[in-house]
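Hello,

Here is the structure I promised to pass on to you. Have a look at it first, and then read on for what turned up.

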Amino acid sequence: MQMLGVDIGGSGIKGCLVDTKTGELIGERLRLTTPQPATPAAIAHTLKALVEHFEWKGPVGCGFPAIIHNGIAKSAANIDKSWVETDAAHLFTDVTGLPCHVINDADAAGIAEMRFGTGQDRKGVIILITVGTGIGTAIFVNGQLLPNTELGHLMLEGMIAEHYCSDAVRKREDLSWSRWGKRFNKYLARLEFLFSPDLFILGGGSAAKLDKFIDKIETRAPLLAAASLNQAGIIGAALYAESQQGK
């Protein structure tokens, strides 16, 4: 089955058609710049433009950078604060005219990696971490998702973790991969202390650069790159939309 998956982030909104049987992208991915300010109306109309680009007429899966309960945003870390308590699923459905299903963006990426990627057939506690404008997390225990963990908001070095070691921080402070890797290692050490995972999976754009800082990672649990790198959010959003059909 084909499904349109969309990954809504603080800096870009990316989408592509996905073959949900194989996890492969169909055709070229489209990336649109996230409007600033990233208000509900602005993002909804950018999503509509993306849907129209693909001439898509079916359900849409949307990974979204917030705690999501029954389609409603309960937080807003790297988007406009007016998103809090906004029914994102209803808004997107209304603006696009298509049934839209919304899930936390890191949870979407995790679903893709557990189905088709690095987490496939792995048991135990697995933590996927997406590193981009912020830091998102998804925890799986024997393949079962614990949704909306938002561990990028743990306190680390006297600040919120994603303000210490996100990719946006690396760029803003012009950190070398080595220096940034030391920061990220501290973050992983905190997660390891709290959850004793069997595996860390790194998603987002930083996954493609893992070789540049892996020598700074000293955790017991191995850190592996997501198989789909920064496409996992798109694939997982499509899988989520498929899972919601008939509900």
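Let me start with a question: over which ring does the charged end of R183 sit? The ring is that of Y164, and the charged end of R183 is 4.8 Å from the ring's centre. (A charge counts as sitting over a ring if NZ of Lys or CZ of Arg is within 6 Å of the ring centre and within 35 degrees of the ring normal.)

Some housekeeping before the rest. This is a predicted model, in which local features need pLDDT of at least 70 and side-chain atom pairs count only at pLDDT 80 or more, while totals for chains, interfaces and linings use all residues. Residues are numbered from 1 along each chain as its sequence is written, and side-chain values use heavy atoms, with hydrogens and water left out.

The aromatic residues

The whole structure holds 9 aromatic pairs, meaning rings of Phe, Tyr and Trp (its six-membered ring) with centres within 6.5 Å; planes under 30 degrees apart are stacked, over 60 edge-to-face and the rest tilted. In one of them, W177 and W180 have ring centres 5.7 Å apart and planes at 85 degrees, so this pair is edge-to-face. These two residues are 3 apart in helix α6 (residues 177-195), about one helical turn. (Helices, H or I of at least four residues, and strands, E of at least two, are DSSP runs numbered from the N terminus.) W177 is buried at 17% relative accessibility, and W180 is buried at 0%. Here buried means under 20% relative accessible area, exposed over 50% and partly exposed in between, with a 1.4 Å probe and protein chains only.

W177 also pairs with F213: their ring centres are 5.7 Å apart and their planes at 15 degrees, so that pair is stacked. Because F213 lies in the loop between β13 (199-204) and β14 (223-225), the pair ties helix α6 to a part 36 residues away in sequence. W177, W180, F184, Y187 and F213 form one aromatic cluster.

The charged residues

R170 brings a charge to W177: its charged end sits over that ring, 3.9 Å from the centre. R170 also forms a salt bridge with D167, with the closest N and O atoms 2.8 Å apart. (A salt bridge is a side-chain nitrogen of Lys or Arg within 4 Å of a carboxyl oxygen of Asp or Glu; the count comes to 7.) K171 meets D167 in a salt bridge too, at 3.4 Å from N to O, and D167, R170 and K171 are linked in a network. R170 and D167 are both buried, whereas K171 is exposed at 56%.

Another salt bridge joins E157 and K186 (3.8 Å, N to O). This one links distant parts of the chain, from the loop between β11 (155-156) and β12 (159-160) to helix α6, 29 residues apart. E157 is partly exposed at 48%, and K186 likewise at 38%.

A covered helix

Helix α7 (residues 232-243) has 9 of its 12 residues buried, among them G233, I234 and L239. Its buried residues pack against several elements, including β1 (2-8), β3 (24-33) and α3 (105-116), where contact means heavy atoms within 4.5 Å.

Best wishes
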